[in-house]
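Hi,

Here is the structure I promised to pass on to you. Have a look at it, and then read on for my notes below.

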Amino acid sequence: MQDPTELYAQWLAIENKQKILFRLAFILQKDIEALVPWEVYFTEDLIIVEGAFDAIKAGSNAIPLLGSQLSERSVLFQKIVKHGPKVYLALDPDAEKKSTNLIKKLLTYGITLCKVEIMPYSDVGEMSREEFLTRKSQAKPVGDLFQYLLERAVKIWSLHTSLTHTLEI
């Protein structure tokens, strides 16, 4: 784990401090709700990522789950449902099942949702900010869970077939 003083120094260097107070909450291991100006986050598009470093790369208005699950009872989920921002979901590829569960929950509540493609990276933190912003701008809307699952299965099969063909050569 990175030294908390180094994290704090990085936090101080970021321009829009108000929108990333969650980092301070993470460093201090306090309740995020007490430190984040929630109303500011939910008046704009929201980016949901797994970890704090992913959120740093994603830029302002990115919120880390600090894992890959989001309970319907959580304050964050309740705020999303209440304010209804457009949500960009950028969870790690190794959490695909959890992503699917979160997509299902958000769609059930009528949230406008776009899925940011992370592969071939293992997470947002591996990308440059420019790469992430490009992928965010190309994110496909998810309007139907079945269609999303079908597209993911085709993409994974295509990658698998391509890799198998490459290994045979």
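The buried residues of α7 are Glu96, Ser99, Thr100, Leu102, Ile103 and Leu106. Seen down the axis of α7, they fall within an arc of 165°, so they line one face of the helix; the arc is that of the directions from the helix axis to the C-beta atoms.

Before going further, please keep in mind that this is a predicted model, in which local features need pLDDT of at least 70 and side-chain atom pairs count only at pLDDT 80 or more, while totals for chains, interfaces and linings use all residues. Residues are numbered from 1 along each chain as its sequence is written, and side-chain values use heavy atoms, with hydrogens and water left out.

Helix α7 covers residues 96-108, and its 13 residues should span 18 Å at 1.5 Å a residue, which agrees with its end C-alpha atoms being 18 Å apart. The expected span is 1.5 Å times one less than the number of residues. Helices (H or I, at least four residues) and strands (E, at least two) are DSSP runs, numbered from the N terminus. After α7 comes Gly110, with a positive phi near 75°.

Now to the strands. From β1 (residues 46-49), Leu46 and Ile48 point one way and Ile47 and Val49 the other, and all are buried. β1 runs parallel to β3 (residues 87-90), joined to it by four bridges; strands count as paired if DSSP finds at least two bridges between them. Ala90 in β3 is the bridge partner of Val49. β1 also pairs with β2 in the parallel sense, over three bridges, and there Ile48 stands opposite Ile63.

The loop between α5 (52-58) and β2 (62-64) holds Asn61, which is buried at a relative accessible area of 2%. The Asn61 side chain reaches the backbone oxygen of Asp45 at 2.4 Å.

How many salt bridges does a search of the whole structure find? There is one, counting a side-chain nitrogen of Lys or Arg within 4 Å of a carboxyl oxygen of Asp or Glu. Arg135 forms it with Glu131, with the closest N and O atoms 2.6 Å apart. Both lie in helix α8 (residues 129-137), four residues apart, about one turn of the helix. Arg135 counts as buried at 13% relative accessibility, whereas Glu131 is partly exposed at 26%.

Best wishes

Note on methods. Buried < 20%, exposed > 50% of the residue type's maximum accessible area, 1.4 Å probe, protein only. Polar contact = N/O pair within 3.5 Å; in protein donor to acceptor, adjacent residues only side chain to side chain.
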